[in-house]
Amino acid sequence: MRFDGKVAIVTGAAQGIGAAYAEGLLREGASVVVADLNAEVGQETADKLAAEHEGRVAFVQVDVASQESTLAMAAACVERFGGIDLLVNNAAIYGAMEFDLLVTVDWDYYEKFMAVNLNGALLCTRAVFGHMQARGGGAIVNQSSTAAWLYSGFYGLAKVGINGLTQQLAHELGGMGIRVNAIAPGPTDTEATRVQAGDAAAQIVKQSLAIKRMGQPEDMVGACLYLLSDEASWVTAQVLAVDGGQVFRS
Ligand code: NAI
């Protein structure tokens, strides 16, 4: 059990990939805060997970775009489980996002989008790093996307920002024993992707993936747990693609 006695917060863990991360951490002994804006589904997911991992799961409602809310999330985690060791910045506006161009997207929508999909990871990190330092260190995984390398519409642009945040925060926090890495999933079969991509997903798989199937949330879990674990104790500032070979970099 790699995370016995460790305390983790996973944002956007009500459903999809975040819920799989929460479950993976629980299987390996961590106590986990399921943090999400969606209180109804988030509470349901936490209750389901608690049935197998009693006493080690709590739901906390959070809006990652709000400083006040992220500070309250960190405080609730410390109150419930005594500290914070691990953070997964997975929350994002994705399934229901609008399609538009940078030059025409409604400005209020753009600002809201960036507040959640980019600044949310920074606000959550700012809320937790002092608590991690108090425990002698910690580890953070940010959820990027292969979109960061494929296009820079506002979704991709926010993920480019996530990659930049990952590198900068790794340097700012490395001296405190806090590592910061990112995972860049390729197209992954979640409800959000089914809404977002519809039939186009099959075409993307056929044309652009080396491994001819969609990713499953469970495919991301091994990479996330590795980056959070002591096995990665000298790995920081990295963006790890888990994408069926969608993106080749040399
Ligand atoms: P999802 O839409 O099912 O999960 C996102 C979660 O974030 C939801 O539970 C939602 O309620 C929550 N959320 C949204 N705004 C929030 C806010 N302001 N504060 C707190 N929580 C908020 O999406 P999915 O597919 O599970 O994706 C999860 C992450 O993985 C996202 O960061 C997404 O960009 C990324 N990703 C997903 C891929 C895919 O194909 N599914 C591919 C590459 C990256």
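A salt bridge here is a side-chain nitrogen of Lys or Arg within 4 Å of a carboxyl oxygen of Asp or Glu. With that in hand, welcome to a few close-up views of this predicted model.

**View 1. Salt bridges, with Glu218 and Arg27 as the example.** By this rule the model holds 7 salt bridges. One of them joins the side chains of Glu218 and Arg27, with 2.9 Å from N to O. This pair ties together distant parts of the chain, for Glu218 sits in helix H10 (residues 217-228) and Arg27 in helix H1, 191 residues apart. As a general point, side chains of opposite charge can pair when their charged atoms come close.

**View 2. The residues around the ligand.** Here we look at the shell of 28 residues around the ligand, of which Gln15, Asp36, Tyr155, Thr188 and Thr190 come nearest. Sorted by class, this shell has 13 nonpolar, 12 polar and 3 charged residues. Which helices each supply at least two residues of the shell? They are helix H1 (16-27), H7 and helix H8 (191-197).

View 3. Now follow the ligand's own oxygen and nitrogen atoms. An oxygen atom of the ligand lies 2.8 Å from a polar backbone atom of Thr188. At Tyr94, a polar side-chain atom is 3.4 Å from an oxygen atom of the ligand. For Thr193, an N or O atom in the side chain is found 2.9 Å from a nitrogen atom of the ligand. Taken alone, the ligand would expose 830 Å², and the protein buries 93% of that.

**View 4. The largest cavity.** How many cavities of 30 Å³ or more does the model contain? The count comes to 1. The largest cavity has a volume of about 60 Å³. It is lined by 13 residues, and those closest to its centre are Asn89, Ala91, Val116, Asn117 and Ala121. Helix H4 (107-117), helix H5 (119-134) and helix H7 (154-174) each give at least two residues to this lining. By class, the lining of the largest cavity divides into 6 nonpolar, 6 polar and 1 charged residues.

**View 5. The second largest pocket.** Our last stop is the second largest pocket, which holds about 240 Å³ of space. Its lining is made up of 16 residues. Which of them lie nearest the centre of the pocket? Look for Lys6, Gly137, Gly138, Ala139 and Asp230. The lining of the second largest pocket has 4 nonpolar, 6 polar and 6 charged residues.

Technical notes: Residues are numbered from 1 along each chain as its sequence is written. This is a predicted model: local features need pLDDT of at least 70, side-chain atom pairs count only at pLDDT 80 or more; totals for chains, interfaces and linings use all residues. Side-chain values use heavy atoms; hydrogens and water are left out. On a 1 Å grid over the protein atoms alone, a cavity is a set of points where a 1.4 Å probe fits but cannot get out, and a pocket is an open set with protein on both sides within 12 Å along at least five of seven lines; lining residues have an atom within 4 Å of a point. Grid points are joined across faces, edges and corners, and a volume is the space filled by probe spheres set on the points. Helices (H or I, at least four residues) and strands (E, at least two) are DSSP runs, numbered from the N terminus. Ala, Val, Leu, Ile, Met, Phe, Trp, Tyr, Cys and Pro count as nonpolar, Asp, Glu, Lys and Arg as charged, and the others, Gly among them, as polar. A residue is near a molecule or strand if one of its heavy atoms lies within 4 Å of it. A polar contact is a pair of N or O atoms within 3.5 Å; within protein, one must be able to donate a hydrogen and the other to accept it, and residues adjacent in sequence count only if both atoms are side-chain atoms. Accessible areas come from the Shrake-Rupley method with a 1.4 Å probe; for residues, only the protein chains shown count as cover.
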